[in-house]
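Me: Hey, can you walk me through this one? I'd like to go piece by piece.

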Amino acid sequence: MTDPITEARQRAEGLKAAIRSFYDGVMPADLKRKSRLHQVLDKDDYVRWMRLLNDQGWAIGHWPKEYGGQAWSLLERFAFEDQLARLGCPWVIPFGVKYVGPVIYAFGSPEQKARFLPRIATTDEFWAQGYSEPGAGSDLAGLRTEAIRVASSEGDHYVVNGQKVWTTYAQWADWLFCLVKTARGEQAQKSISFLLIDMRSPGVTVKPIPTMDGYHHVNEVWLENVRVPAENLVGAEGEGWTYAKYLLKNERTAGAIVGMAWHALERLKSLAAEAAPASRDRLETRIGELELRFMALEVASYQAVESMMRGTEHGAEASLIKLRGTELYQHIAEAAVDTLGLAGVAWDAAALHAAAPPPLGPEDAGGIIKDHFYNRAATIFGGASEIQRNIVAKGVLGL
Amino acid sequence: MNMDLETAAMLRDSAARYAADNYGFLQRHAVLREATGYSTSAWRDYAELGWLALRLPEAHGGLDADPLAVGALMEVVGSRLLMEPVLASAIVGTGLLVKLGSDAQQVALFPGLADGSLRLAFADAEPADSPCRVRGGRLSGRKISVLHGDVADRLIVSALDGDNGGRRLYLVDPAAGETEITRYRLVDGRGAANLHFAGAPAEPLGADTAAVEAALAEVLDEAAVAACAEALGAVRVLVTTTCEYLKIRKQFGRAIGTNQALQHRAVDMFLLQEEVAALTLAAQQALGRPAVERARVVSGAKAYICNAARHVANEAVQMHGGLGVTEELDVSHYFRRLMVNAALFGGRDEHFARFLAAGQKLGAGGMHA
């Protein structure tokens with residue numbers, strides 16, 4: 001019998017090879033170009049991209065076979081994200097396939113599974129995540145959005161009031177999975193429920209939050225007397241915290257950051273080759289140090305994934321990957337901006353949308369700057385670096 | 001060069017008062033939307049306040065300000081993120097004209113500089129494949145990333161003297177024709193331009209190559225030091241703002257600033273602020289020293305401040321959480337300004353290399369030997 005880790009490694013290598021030939025043979029040229037230049041993708045681009053992945057069986061490769069997935073091991077899943085990012089592919093929008101899908105198949109009713117899972121797989125419905133609130137960023141126990149259950153002759157429903165914030169692509173979303181308080185005064189963990197909200201419901205308002213990269217990613221979502229059928233509650237009332245933790249675990253084991261760092265490092269190396277000779281020595285040393293840090297990230301990440309598969313993990317693995325990955329990626333981006341010199345501060349936000357060339361520097365200069373801005377948030381979202389360190393201090397070091 | 005510390009402090013206070021009353025964050029938002037990339041009414045006010053005459057000689061009604069006074073103003077420019085061409089026109093452009101202009105050029109141009117009707121931009125960086133060259137009084141070639149080159153009334157352009165050899169400076173009127181201007185914004189919202197000259201009329205500035213080289217080196221160092229003072233103003237605001245936020249933002253039932261880890265990071269930001277202030281002052285004082293010593297201190301300061309300001313800006317964004325990257329909060333605007341500040345008048349690597357080279361020239365004894 002083959003050792004399951006060895007088998008997973010072989011399958012992961014096979015998957016990576018398949019992705020590379022998909023990129024060479026199937027990936028449309030316009031998507032390749034946009035993502036290579038780090039230009040802004042619109043909703044149609046993303047939907048097309050997610051469907052292409054689904055056509056390969058990859059969008060939900062990590063789902064169990066009974067829901068149409070391939071029951072990927074953690075390693076395949078990690079390698080999948082890593083490989084796509086190394087090729088500079090677009091973001092695999094996680095809200096449906098990676099976040100809410102698994103919550104629904106793990107905890108949802110048969111009706112919810114039948115209603116939602118197929119349309120998540122095909123991105124026929126676009127999802128957004130309603131977690132953070134103005135007073136509840138890292139501290140989700142501080143949630144204030146309230147859902148009050150009301151009985152009526154047409155069936156029970158919840159009336160939801162509150163405000164969500166940092167909701168990525170809410171402007172495109174058909175559905176919002178949302179953490180709400182369904183009980184007052186009780187211990188925070190016991191009062192939170194997991195609700196699926198139709199974004200077309202009366203009382204849902206989306207307001208953009210402009211960010212410094214000149215792009216519209218995130219929003220405020222206001223919920224005013226929004227009526228949500230009781231059958232859109234996932235699992236049991238008061239158990240939302242358990243589901244949220246399950247989801248966060250999926251969110252935080254991310255191979256993409258490894259591939260993104262690799263991709264950015266390769267680009268930095270080619271930029272440096274064109275840099276002025278005067279600064280090249282210093283740049284080469286700096287790049288060498290970044291390469292070494294990348295190697296540490298890469299080996300530690302893959303060993304961490306295998307530990308998780310063996311059940312020998314210490315609990316800090318996901319935090320290590322996120323901390324080291326995002327911080328390294330930010331430092332690579334800074335080195336790229338420095339290498340661009342004056343072209344690293346020349347900016348025409350509109351050019352990123354209109355696909356016009358930047359005023360200075362190589363074709364992707366604007367994209368490099370945009371990524372630099374956007375990735376300042378990488379150490380903030382999905383569990384800020386400070387929270388990751390708290391997790392390790394408390395959960396692993398017992399401090 | 002006869003202003004003292006007290007005068008500089010008075011200038012700083014009055015500039016800070018003006019900016020507080022007239023250049024608040026919301027008022028600045030309106031400026032960002034203006035086609036010129038800056039406020040024409042604020043620019044007129046600066047002329048009335050005498051800021052634009054700061055660098056002009058007393059004989060021409062100017063204040064003949066020393067680097068401390070210039071720094072005092074630049075600190076305010078950085079603390080309120082003023083968008084007007086103070087650095088490009090009133091300090092760099094004016095400085096070059098003061099050092100190199102003929103009597104006729106000075107008489108013709110100084111009054112406009114003082115009253116704000118004449119805005120100068122200095123065009124130096126150029127693509128390697130298209131250097132600027134002047135032959136028979138006509139300028140050809142390209143310049144890139146000219147700060148406020150989008151609005152300048154006169155350009156000071158570095159170019160090869162195709163008739164006599166050597167590198168010279170030239171005055172060019174972009175409206176006189178044969179100058180194509182590609183206008184754009186920098187990441188901090190200030191205007192810039194790429195320029196393409198195709199035989200534009202160019203008037204020499206400075207008597208000869210040697211005079212130009214010496215004056216240019218001095219003015220570029222002045223510019224780097226002014227940029228340091230601007231960074232100091234921005235850094236001070238970020239440190240203060242971040243400490244305030246640490247006190248008011250509550251998570252897990254208490255102010256996030258009660259966490260020792262964040263307190264220590266705030267302390268490190270403050271220590272950097274103090275080093276930025278100290279290096280800025282040292283660099284201002286070094287401007288009057290012999291060339292190698294000046295290079296050592298000025299470039300050391302600029303290189304250190306590029307790194308320090310980046311660290312402070314990164315930490316300010318991080319500790320403000322998601323708010324830190326929004327347009328709505330001033331933090332992201334300071335972040336972007338400091339990015340531009342670090343790239344202008346020599347980046348960190350360039351200045352670090354110059355710092356090392358100057359150290360080798362000074363020898364083992366160093367400056368204090």
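What follows is a chat about a predicted model.

Me: Let's start with chain A. How many helices and strands are there in chain A?

Reply: Chain A has 14 helices and 9 strands. Its radius of gyration is 22 Å, close to the 21 Å that the globule rule gives for 399 residues, so chain A is as compact as a globular protein of that length.

Me: And what does the C-alpha trace of chain A span along its principal axes?

Reply: About 75 × 55 × 50 Å. As for the inside, buried residues make up 47% of the 399 residues in chain A.

Me: Which domains is chain A divided into?

Reply: There's domain 1 (4–92), domain 2 (127–237) and domain 3 (253–396) in chain A. The C-alpha centres of domain 1 and domain 2 of chain A are 30 Å apart.

Me: OK, chain B now. How many helices and strands does chain B have?

Reply: You'll find 11 helices and 9 strands in chain B. The radius of gyration of chain B is 21 Å, close to the 21 Å that the globule rule gives for 369 residues, so chain B too is as compact as a globular protein of its length. The C-alpha trace of chain B spans about 75 × 55 × 45 Å along its principal axes.

Me: What percentage of chain B is buried?

Reply: 54% of the 369 residues in chain B are buried. Here's another number for chain B: take the contacts between residues at least 6 apart in sequence, and 73% of them join residues at least 24 apart.

Me: What's that contact figure for chain A?

Reply: For chain A it's 70%, again for contacts between residues at least 6 apart in sequence that join residues at least 24 apart.

Me: What are the domains of chain B?

Reply: Chain B is split into domain 1 (5–118), domain 2 (121–207) and domain 3 (212–362). The centres of domain 2 and domain 3 of chain B, taken over C-alpha atoms, are separated by 30 Å.

Me: How many residues of domain 2 of chain B are in contact with domain 3 of chain B?

Reply: On the domain 2 side of chain B, 9 residues are in contact with 8 residues of domain 3 of chain B. Strand β5 (residues 167–172) of chain B supplies the largest share of that domain 2 side, 3 residues.

Me: Switching to helices. At what angle do α8 and α9 of chain B pack?

Reply: Helix α8 (residues 260–286) and helix α9 (residues 291–319) of chain B pack at about 155 degrees, and their axes are 9 Å apart. An angle over 145 degrees counts as roughly antiparallel, so α8(B) is roughly antiparallel to α9(B).

Me: Left-handed or right-handed crossing for α8(B) and α9(B)?

Reply: The crossing of α8(B) past α9(B) is left-handed.

Me: Now the two chains together. How many residues of chain B are in contact with chain A?

Reply: 32 residues of chain B are in contact with 30 residues of chain A. The elements of chain B that give two or more residues to this side are β3 (138–147), β6 (179–186), β7 (191–205), α9, α10 (330–343) and α11 (348–362). Of these, α10(B) gives the most, with 6 residues.

Me: Why does A:W166 count as buried?

Reply: Because A:W166 has 26 C-beta neighbours inside 10 Å, and the cut-off for buried is 20 or more.

Me: And what about phi of B:S145?

Reply: Phi of B:S145 is positive too, near 50 degrees, and B:S145 is a residue other than glycine. B:S145 sits in strand β3 of chain B, and it counts as buried, with 26 C-beta neighbours inside 10 Å.

Me: Last one: where is B:A231?

Reply: B:A231 is in helix α7 (residues 209–248) of chain B. B:A231 is buried, with 30 other C-beta atoms within 10 Å.

Me: Which residues does B:A231 touch?

Reply: Leaving out residues up to four places away in sequence, B:A231 touches B:G78, B:V276, B:I305, B:A309, B:L338 and B:N341.

Methods
Residues numbered from 1 in each chain as written. Chains lettered and ligands numbered in written order. Predicted model: local features only at pLDDT ≥ 70, side-chain atom pairs only at ≥ 80, totals over all residues. Domains from an automatic or database assignment. Helix = DSSP H or I, 4+ residues; strand = E, 2+ residues; numbered from the N terminus. Rg over C-alpha atoms; globule rule 2.2 N^0.38 Å. Buried ≥ 20, exposed ≤ 12 C-beta atoms within 10 Å, placed from the backbone. Contact = placed C-beta atoms within 7 Å. Axes fitted to C-alpha atoms, helices over the stretch in contact; angles between N-to-C directions. Parallel < 35°, antiparallel > 145°, perpendicular 65-115°, else oblique. Left-handed = near helix turned anticlockwise from the far one by under 90°.
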